[in-house]
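This report looks at a metal site, a nonpolar core and some aromatic rings. Keep the sequence and the 3D view open while reading.

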Amino acid sequence: MKKTVLFALVAILASCSQKQSQDYPIQGVSLSHVRFTDGLFAERERVVRENTIPFAFRKCEETGRIANFARAAGLDTTKFTGLRYDDSDVFKVMEAASYSLSTRYDAALDQYMDSLIALVGAAQEPDGYLYTIRTSGGLDVDPKAGPERWNDIATSHELYNVGHMYEAAVAHYYATGKTAFLDIAKRNADLIYNTFLIPGRKIASGHEEIELALVKLYRATGDRRYLDLSHFLLECRGYCGDDPKPVAQQYEALGHAVRGVYRFMAIVDNAVLYGDKAYRTATDSLWNDVTGRKMYLTGGLGSYREKERFGEAYFLPDEETHCETCAGVGSCMWNYRLFCLTGESRYFDIFERTLYNNVLHGISDDGMKFFYANVLQCSPYTFDWEKEWAKIRPKSRLRRSHRLPWFETCCCPTNLARIFLSLPGYVYALGNNSLYVNLFTSGQSAFETAAGESVELRCETAYPYDGDVRLTLEKAPLKATALRIRIPGWAQGHPVPGTLYTYLDAEPSLPVIFVNGEVVNYATEKGYAVLDRKWKDGDVVDVRFEMPLRFVKADDRVEAVKGRIAVERGPIVYCAVLPENEKDIRTCTISPEDHFEEQNQDSASVSLMDTDRHLMFIPYFRHAQEGITQMSVWLTAL
Ligand SMILES: [Zn+2]
């Protein structure tokens, strides 16, 4: 009997170590090798680096978030302030700052980070525990922290906080090579491994995050226990949370949208690293449910303000919705993983749609004001609702007509900082003897292929407002490498992979591609134009996407926008705008026969005027950038 058990154990360990070597077949070109030069993302990255990061650190100081670490360390005798999950905001800004150090080194920021890391280390208890509200003796400030360690993890966010700490520590390690932060993360993860990884334990953190963060910690350290812990904690989700069934049997997106997409990310990671087919099936089903039945045209997720949750299938109200910025950021990260697993462009189509619309809408031009919820219509109804809501909850983060500088629960601004400063890492990817071009943005890149060959690539484009993209292989790989250029869904005649949204005119307008000035034929595979040839230094590839204005309609089952259409151009969703006190935007109409003229064309924005109705359309993400206006993505179609 004992022998059988031993053999079984050996077999399990052998299969585990075999599985350990698996990872995503496609890997992104690291952000430190890609530099944006100009255009929308270069500008947004610069603003987040120069404004958002110092602003967020300053707010973390002003609100006591950083002092809480000093309080836990015994260096400050004043009382804990804020909420039990405020540690996570500090970690998220630290993660974003690490990405900034990776792409553009800044000695002052490096030094500031070192001082913060020392403070975080001082706040850590000798056994590795880290949770400033408890260690500083501030439990009475926010009782949801729970009276004892981990006895109320459904509400305490103890594991959520440290998950963000692991992500920050890994980013800092990759950026600087320093291990001080990583050591803090390892000490904490070791404690959690020894405490939680007990067969039969069936409780999970109320907010997903640690599961995906442990996978990153595993990759950075090579310590398999962290991967096992990630898997174990995911399995614990089968007994609690928004969808209390084993994650391998979770086929529908239910409950809190942000927590959901964070969980979905961990499920994909585990599906890949464990080669788990049931997880993979769950992943596909969840993605089909979200993108086929529960996603907004902007890529936004979460139909209900109450509990910030996914709606029922096709329940997508446009004015009274939630579409939290964090859910959009999480959706990008989730879809990125699915691309790395499959090499299919449809995942990057969702990434692009969400990034240019839902996510970009979340942040102001100066990078210091933010939307928590991203509604698709803002009419007098919203203005009245806001006035009433402000009386009930004066400090609420829920504003729908204008961005706010900071929130008491401040998850979204720090998530925006993370995504925009890590964005260079999402542009190109390598795998299958191919170089994938996923986002079109001007920049200069120098990196090595998996075979160790140097590549230097320049991209010049005014995308997303112009469809001409020039890629110059300044240094070409010697071996044959396929260049796989994403043909966005919008260019193939469908706004989203399923049928939740369709164009009135579904004619595809596939790009014309030139190599060194000559038109070339190309194969399409998994949504990519494939140029498989022997490249030489200086080869120039020109991609010309047509960007006609398109009208979109939703599936008839989406009651909220029945009989209405929306305007898109390229990856950009447009919205009609009216002055705040003019007639009600809900009465505005549009016809697919209308004439549109481009106006206010600059690198930041192209507006469109419906000259038949004298109605102005601006990119959705520009809403409320220049004062409060009425706004609507969907208009009644004539
Ligand atoms: Zn948020």
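## The zinc site

In this predicted model, glutamate 324 and cysteine 411 are both buried. They belong to the protein donors of the zinc ion, which are Glu324 (OE), Cys326 (SG), Cys411 (SG) and Cys412 (SG), at 2.1 to 2.3 Å from the ion. The angles among the four donor atoms run from 99 to 118°, and the site is tetrahedral.

Along the chain the donors of the zinc ion are spaced as E-x1-C-x84-C-C. Glutamate 324 is in the loop between helix 13 (277-293) and helix 14 (325-342), while cysteine 411 is in helix 17 (residues 411-422), so the pair ties together parts 87 residues apart in sequence.

## The nonpolar core

The largest nonpolar core contains 214 residues, and Met94 and Tyr166 have the most contacts inside it. Helix 12 (residues 257-273) gives the most to this core, with twelve residues. Beyond its neighbours within four places in sequence, tyrosine 166 is in contact with residues including Ala185, Ile192 and Leu217.

## Aromatic rings

The count of aromatic pairs is 33. Phenylalanine 57 and tyrosine 112 form an edge-to-face pair, with 4.9 Å centre to centre and 70° between the planes. Phenylalanine 57 lies in helix 2 (residues 40-62) and tyrosine 112 in helix 5 (residues 107-123), so that the pair links distant parts of the chain, 55 residues apart. Phenylalanine 57 counts as buried because its relative accessibility is 5%; tyrosine 112, at 24%, counts as partly exposed.

## Charges over rings

Arginine 305 lies over the face of tryptophan 389, 4.4 Å from the ring centre. The charged end of arginine 149 sits over the ring of tryptophan 150, 5.7 Å from its centre.

How values were computed
Residues are numbered from 1 along each chain as its sequence is written. This is a predicted model: local features need pLDDT of at least 70, side-chain atom pairs count only at pLDDT 80 or more; totals for chains, interfaces and linings use all residues. Side-chain values use heavy atoms; hydrogens and water are left out. Donors are N, O and S atoms within 2.8 Å of the metal (3.2 Å for Na, K and Ca); water is not among the atoms, so sites may look incomplete. Four donors count as tetrahedral if all angles lie between 85 and 135 degrees; four count as square planar and six as octahedral if opposite donors are over 155 degrees apart and all others between 65 and 115; anything else is irregular. Helices (H or I, at least four residues) and strands (E, at least two) are DSSP runs, numbered from the N terminus. Buried means under 20% relative accessible area, exposed over 50%, partly exposed in between (1.4 Å probe, protein chains only). A nonpolar core is a set of buried Ala, Val, Leu, Ile, Met, Phe, Trp, Tyr and Cys residues joined through side-chain atoms within 4.5 Å. Contact means heavy atoms within 4.5 Å. Rings of Phe, Tyr and Trp (its six-membered ring) pair if their centres lie within 6.5 Å; planes under 30 degrees apart count as stacked, over 60 as edge-to-face and the rest as tilted. A charge sits over a ring if NZ of Lys or CZ of Arg is within 6 Å of the ring centre and within 35 degrees of the ring normal.
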